[in-house]
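Here's a walk through a model, one piece at a time. Have the structure open and follow along.

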Amino acid sequence: MPTLLHLDSSAFTDGSVSREVSAAFRAAWQARHPEGTVVYRDLAARPVPHLDAHGISAAFTPAGQQSPEQAAALALREELMTELEQADAIVIGTPMYNFTIPSSLKAWLDQVILMGRTAGESPSAAGTPVTVVAARGGSYAPGAPREPFEFVTTYLEKVLTGMLGLEVDFIVPEFTLAATVPAMAGFVQQAAESKAQALEDAARKAEALAA
Ligand SMILES: Cc1cc2nc3c(=O)[nH]c(=O)nc-3n(C[C@H](O)[C@H](O)[C@H](O)COP(=O)(O)O)c2cc1C
């Protein structure tokens with residue numbers, strides 16, 4: 001039975017473009033896999049804790065020698081890593097906050113990246129397809145003045161591919177602030193087109209997945 005791991009990380013629910021597009025991906029995946037299971041984590045509403053000293057050291061401490069704090073921290077990492085490993089496909093909704101991903105998504109990444117298991121020479125989830133919906137208020141497209149400030153897709157491409165060994169694909173709705181920021185009023189049409197394209201891409205990519 002196929003499993004989709006669905007993560008959202010926008011601080012907003014109403015009006016969140018990354019949530020709307022990741023939901024479209026999920027709906028198309030479920031239509032293709034009515035018998036499938038969706039594991040959902042809202043990392044903004046229910047954040048996973050930052051990786052701390054207990055969680056780091058626990059992974060390198062033999063089971064019988066772990067403190068209660070280490071054991072508890074490792075149990076959470078185990079749960080999150082297992083969700084990653086059991087997924088046949090993953091969709092991640094992320095806003096751009098201050099040029100990069102929200103700290104809630106970074107916290108999840110820090111928890112699941114473990115050298116020798118999910119990362120390293122043979123990452124345990126290698127080859128799993130992950131679609132990232134990366135919404136942003138402006139544009140960081142090739143040639144845009146802000147292109148060098150883009151640390152969402154550039155970072156996630158490196159970490160999801162280079163560390164976790166996942167097969168990464170991006171959907172990037174742009175200019176989402178055009179409707180509310182007067183200085184961006186000239187980009188309202190581009191924003192609408194970008195979102196429509198993102199919704200179409202999400203459905204198409206989900207339907208194209210083998211599992
Ligand atoms: C705290 C914060 C920081 C933001 N930083 C940026 C930024 O650096 N660049 C940008 O283009 N948009 C920025 N935005 C706008 C969001 O990227 C935009 O609203 C996007 O659509 C958020 O995703 P969502 O619609 O899924 O909530 C920021 C928004 C917030 C709330």
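What covers the buried residues of H3? The cover includes strand E1 (3–8), helix H2 (53–58) and helix H4 (103–112). Cover here is a matter of contact, where two residues are in contact if their C-beta atoms, placed from the backbone, lie within 7 Å.

Some ground rules before going further. This is a predicted model, where local features need pLDDT of at least 70 and side-chain atom pairs count only at pLDDT 80 or more, while totals for chains, interfaces and linings use all residues. Residue numbers start from 1 along each chain, as its sequence is written.

**The chain overall**

The chain has 6 helices and 5 strands. These are DSSP runs numbered from the N terminus, with helices being H or I of at least four residues and strands E of at least two. Along the sequence, the pattern reads β-α-β-α-α-β-α-β-α-β-α.

For 211 residues, a compact globule would have a radius of gyration near 17 Å, and the chain agrees with its 18 Å. That radius is taken over C-alpha atoms, and the globule rule is 2.2 Å times the number of residues to the power 0.38. Along the principal axes, the C-alpha atoms fill a box of roughly 60 × 35 × 30 Å.

Of the 211 residues, 37% count as buried. A residue is buried if 20 or more other C-beta atoms (placed from the backbone) lie within 10 Å of its own, exposed if 12 or fewer, and partly exposed in between. Among contacts between residues at least 6 apart in sequence, 74% join residues at least 24 apart.

In H3, the buried residues are Gln70, Ala73, Leu74, Arg77 and Leu84. They cover an arc of only 95° around the axis, which puts them on the same side of H3. The arc is that of the directions from the helix axis to the C-beta atoms. Over on the other side of H3, Pro68, Ala75 and Glu79 are exposed.

As a reminder, an α-helix has 3.6 residues a turn, so residues three or four places apart point the same way.

H6 has its own buried set: Ala191, Ser194, Ala198, Leu199, Asp201, Ala202 and Ala206. Looking down the axis of H6, these fall within an arc of 165°, so they line one face of the helix. They pack against H1, strand E4 (129–135) and strand E5 (167–171). The other side of H6 has Gln189, Ala196, Arg204, Glu207 and Ala208 exposed.

Leaving aside residues up to four places away in sequence, glutamate 207 touches Ala28 and Arg32. Arginine 26 is 181 residues away from glutamate 207 in sequence, yet their C-alpha atoms are 9.9 Å apart.

**Around the ligand**

Which residues are the closest to the ligand? Those are Ser10, Ser18, Pro95, Gly137 and Thr176, out of 17 residues that surround the ligand.

The shell divides into 8 nonpolar, 7 polar and 2 charged residues. Nonpolar means Ala, Val, Leu, Ile, Met, Phe, Trp, Tyr, Cys and Pro, charged means Asp, Glu, Lys and Arg, and the others, Gly among them, are polar.

Most residues other than glycine have a negative phi. Asparagine 98, though, has a positive phi near 50°, and phenylalanine 99 a positive phi near 75°. Asparagine 98 is in the loop between strand E3 (89–95) and H4, and phenylalanine 99 lies in the loop between E3 and H4 too. Asparagine 98 is exposed because it has 9 C-beta neighbours inside 10 Å; phenylalanine 99, with 15, is partly exposed.

Histidine 33 is in another loop, between H1 and strand E2 (37–42). With 19 other C-beta atoms within 10 Å, histidine 33 is partly exposed.

How values were computed:
Near = placed C-beta within 6 Å.
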